[in-house]
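Please view it alongside the sequence and the model.

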Amino acid sequence: MKTILLIEDHDFIRENTAELLELAGYGVLTAANGKLGVEQALATRPDLVICDIMMPVLDGYGVLHIFNQNPELRGIPFIFLTAKTERQDLRKGMELGADDYLTKPFDSNELLNAVAGRLARFEQLRPEYEATPAGLDSFLHDAQAVGRLDTLESLAADRRTHELPRKQIIYTEGDEATRLYFVEAGRVKTTKTTAAGKELITGLYGPGDFFGYQPLLEHTAHHDSALTLDDTVLRYIPATDFTQLLLRNPEVGRQFVRLLAGRVREQEQLLLDMAYNSLRKRVADTLLRLHEQQATAHPEAAPLIQLSREDMASLIGTAPESLSRILSELRQDGSIGLTNRDIRVLQPERLRRANW
């Protein structure tokens, strides 16, 4: 029998929700505030936590923070209950590492489906070996066991989608890294800001891309900030699920090593370009790279680069005014088509072969 810890300060909601979970066959522990809930979890480790956000003594955010910091509680599936529907409140809970949330009032099917889904996912990713070097080595060499595991793509397959508007901050530099992100639709940029306040784009991510994995692998806070460029749909993968899959499936680990290696090569090339290439060539190379990305992502349509002049300047590492001057020159020689919002590469070979 799975044990669920229900932390809710409203007596009626707590009692009725507990009764519903018990009728569904779960063992239920209850607590009337966050402090009592943490004490209850330390005394009896639950299989899943359902926790209200707004509570006296210790609120839900505080409870989840303690769970994330305590090795005995870290990794337990966590579902928030909230009567607050504002986007920033839901986003804050998910950024802290909550696996799901339910907005009150909820019906019985919503509750039971959320609980069953999180428990099933956690069981699917639970290591099937002893937490010792010998146990891990034995498991990784068991080809039959490894063959049953998830793939990198399926990691995001059954996650709740999160629709974010254009220019929505996803995380900022210095935030705690609590999840991996998968882009289902739209685009995301990651940036770093210099001491002088100048922004430099460190990455652009589109449909099918993962981002936010480097601090999870390094066990550090985010070293950059992430912002949506368009209306974007993301899937969130909790850090615990990600790390469990890395442990259980060495092929997934190799895929992320390749992703990291690719990012390192990109950053090295960017530094070389900024150090030795003219601004004209850096602009041309960036246009070609964005053109090829669009062609790969949308093979059915003519590639169209939709990026603001400010963002493109930040990506290249120059001022918007200098970028505009180079773009005008490239339009005049017929290499590109240019409007206020879009850029179309008309003659890629001319950009590649030109004597800069």
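## The parallel sheet

I50 stands opposite I79 in β4. The two strands concerned, β3 (residues 48-52) and β4 (residues 78-82), pair in the parallel sense over 4 bridges; strands pair if DSSP finds at least two bridges between them. Helices (H or I, at least four residues) and strands (E, at least two) are DSSP runs, numbered from the N terminus. This is a predicted model, in which local features need pLDDT of at least 70, side-chain atom pairs count only at pLDDT 80 or more, and totals for chains, interfaces and linings use all residues. Residues are numbered from 1 along each chain as its sequence is written, and side-chain values use heavy atoms, with hydrogens and water left out.

The sheet is open, has 5 strands in the order β2-β1-β3-β4-β5, and its pairing is parallel. Its edge strands are β2 and β5 (100-103), each of which pairs on one side only. From one strand to the next the twist averages 20°.

## Helices on the parallel sheet

Helix α1 lies across β1 (3-7), β2 and β3, and runs at about 165° to β2. Helix α3 (residues 60-69) lies across β1, β3 and β4, at about 170° to β4. Contact here means heavy atoms within 4.5 Å. Axes are lines fitted to C-alpha atoms, for helices over the stretch in contact, and angles run from 0 to 180 degrees between N-to-C directions.

G25 is placed in the loop between α1 (11-23) and β2 (27-31). With a relative accessibility of 39%, G25 counts as partly exposed; buried means under 20% relative accessible area, exposed over 50%, and partly exposed in between (1.4 Å probe, protein chains only). G25 and M1 are 24 residues apart along the chain, and their C-alpha atoms are separated by 7.2 Å.

## The antiparallel strands

Strand β9 (residues 188-193) pairs with β10 in the antiparallel sense over 6 bridges. T191 has I201 in β10 as its bridge partner. The hairpin of β9 and β10 has 5 residues between the strands, and G197 takes a positive phi near 90° in it.

Another open sheet has 3 strands in the order β14-β16-β15, with antiparallel pairing. Strands β14 (305-306) and β15 (336-338) stand at the edges with a single partner strand each, so one side of each is left without a neighbour in the sheet. Between β14 and β16 (residues 342-345) there are 2 bridges, and I305 has I343 in β16 as its bridge partner. Helix α13 (residues 320-332) lies across β15 and β16, at about 120° to β15.

## The largest pocket

The volume of the largest pocket is about 1,200 Å³. Its lining is made up of 42 residues, of which L204, E266, R289, L290 and Q293 lie nearest its centre. At least two lining residues come from each of β10 (199-205), α10 (250-276), α11 (279-297), β14 and α12 (309-316). Helix α10 gives the most, with 11 residues.

On a 1 Å grid over the protein atoms alone, a pocket is an open set of points where a 1.4 Å probe fits, with protein on both sides within 12 Å along at least five of seven lines; lining residues have an atom within 4 Å of a point. Grid points are joined across faces, edges and corners, and a volume is the space filled by probe spheres set on the points.

## The chain as a whole

The secondary structure comes to 14 helices and 16 strands. Of the 356 residues, 46% count as buried.
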